[in-house]
Every structure is written in C-alpha cells, then in structure tokens.
Amino acid sequence: MDLVQSIFELIDMRSFSNLWFWIMLAVLWSTTSHWVIGVPWDMVVRARKNDDQQNLEDLHDIVRINCNRILLISKEVGLLLTGFMGFVLTTLGMLAFGSGNEFCQALFLLAFPMSLVALLSLQTARAIRDKELYAEALYRRMNQHRIITQGIGMVSIFVTAIWGMLQNYQTGPLGG
C-alpha cells in the first residue's frame, strides 16, 4: 500500500500544482516553435544565412517532403481526424470544465492550442505547395508560421498559468 501511495504522490493528479506539468508545458511549446511544419528552425536559419546552395536545396527538399506528408494525411484521413479531435476536445472540455476534473483541464489546455497549431500547419503547407514558395518567400512564410505559433504558445501559457494559479488558490491551503 505504501508503494502505491508513494507512486500517486509522485505522479500527483493535481496537474497545476505539479512541477512536471509545467516542465512539460515549457518543453511542448519550445519544441513546437522550433519545428516549423516538421522542419527544424536552425535549418531554416542556416539556409538563409549561408550562400551555400546545398543548404537551400536541403531545406527546400525537407519542406516539400513535409508539406506533401501533411497534405496527404489531410486528404486521406482529414475528415476522420477532424471528427475524432472534435470529439476528444469536446469530451475533455466537458469533463474539465463541466465536472471540474483538474487533470482533464490540464489536458484540454495543452490539446486545444496544439489543435490550432495543427490547423495552422495545414494552412501553411497548402500555401507553400500551391504558391511553390522558394528561397526568400519560403523563409518569410515559415517565419510567419513560427511567429503565429509562438503567439498561440504565449497566449496558451498565459491562460494556463492564470487558470492553474486560480485552481491552486481554490484548492490549496489559502483557498481551502
């Protein structure tokens, strides 16, 4: 019994008072803003700074591959995936804010903004493919995607922090 209790104390299902949740939130948004439609941002910067044609071709190839992959997934299972994600987000939202389940609140506050980033990635992939962006136009579009992603991340972290502080205040020793 002590082992099970120790494990649950370590995991702590009260997400907003758990350090691991906040570390995961930071890593999630750091990683999301670094990987622009599946391309590491340092690769974009390297291709833009250097006059090396090979870096530009490598960037263009990986962007083309990732855009084609995103658009193929969208075409093949996009409707099914949209319906499934709608169901998951609705269920999480109802459990989170309807019944006050803190773990579901934490999952919703992670998943909902990431669904916005997924839609943004789809839109960016479609624009890159349709307009056949290359070199400077490609850099601009990817930078725009990254800035919007970082904006979504900043708002998400702010809302999550405010909601988490409110939850900790209400359930903690001060909020009783």
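Alanine 26 is a residue of helix H2, and with a relative accessibility of 44% alanine 26 counts as partly exposed. Its C-alpha atom is separated by 17 Å from that of glutamine 105, a residue 79 positions apart from alanine 26 along the chain. The model under discussion is a predicted one, and the values that follow should be read with that in mind.

**Helix packing**

Two packed helices are described by the angle between their axes and the distance between the axes.

| Helix pair | Axis distance | Crossing angle |
|---|---|---|
| H2 and H5 | within 12 Å | roughly 5° |
| H2 and H6 | 9 Å | about 170° |
| H5 and H6 | within 10 Å | roughly 170° |

For helix H2 (residues 19–34) and helix H5 (residues 102–131), the axes cross at roughly 5°, which makes H2 roughly parallel to H5. On the H2 side Phe21, Met24, Leu25, Leu28, Trp29 and Thr32 take part, and they meet Ala106, Leu110, Pro113, Met114 and Val117 of H5. Sorted by class, the contact of H2 with H5 comprises ten nonpolar residues, one polar residue and no charged residues.

The pairing of H2 with H6, at an angle of about 170°, makes H2 roughly antiparallel to H6. Here H2 contributes Phe21, Trp22, Leu25, Trp29, Thr32 and Ser33, while the residues on H6 include Arg146, Thr149, Gln150, Ile152 and Gly153. The contact of H2 with H6 divides into seven nonpolar, eight polar and one charged residues.

The axes of H5 and H6 cross at roughly 170°, and these two helices are therefore roughly antiparallel to each other. Among the H5 residues in this contact are Glu102, Gln105, Leu109, Pro113 and Val117, and among those of H6 are Leu138, Arg141, Met142, Thr149 and Trp163. By class, the contact of H5 with H6 holds 13 nonpolar, nine polar and two charged residues.

**Two residues in their surroundings**

Once neighbours within four places in sequence are left aside, threonine 149 is in contact with Trp29, Thr32, Ser33, Val117 and Leu120.

Arginine 129, by contrast, belongs to helix H5 and is partly exposed, with a relative accessible area of 42%. Not counting residues up to four places away in sequence, arginine 129 touches Asn68 and Leu71. Arginine 129 and valine 63 are 66 residues apart in sequence, yet their C-alpha atoms are 9.3 Å apart in space.

**The largest pocket**

The largest pocket has a volume of about 750 Å³. Its lining is made up of 26 residues, and those that lie nearest its centre are Leu81, Ser115, Ala118, Leu119 and Leu122. Strand S1 (35–36), helix H4 (53–98) and H5 each supply at least two residues of this lining. By class, the lining of the largest pocket has 16 nonpolar, nine polar and one charged residues.

How values were computed:
Residues numbered from 1 in each chain as written. Predicted model: local features only at pLDDT ≥ 70, side-chain atom pairs only at ≥ 80, totals over all residues. Heavy atoms only, no water. Axes fitted to C-alpha atoms, helices over the stretch in contact; angles between N-to-C directions. Helix = DSSP H or I, 4+ residues; strand = E, 2+ residues; numbered from the N terminus. Parallel < 35°, antiparallel > 145°, perpendicular 65-115°, else oblique. Contact = heavy atoms within 4.5 Å. Nonpolar A, V, L, I, M, F, W, Y, C, P; charged D, E, K, R; others polar. 1 Å grid on protein atoms, 1.4 Å probe; cavity = no way out; pocket = protein on both sides within 12 Å on 5 of 7 lines; lining within 4 Å. Points joined across faces, edges and corners; volume = space filled by probe spheres on them. Buried < 20%, exposed > 50% of the residue type's maximum accessible area, 1.4 Å probe, protein only.
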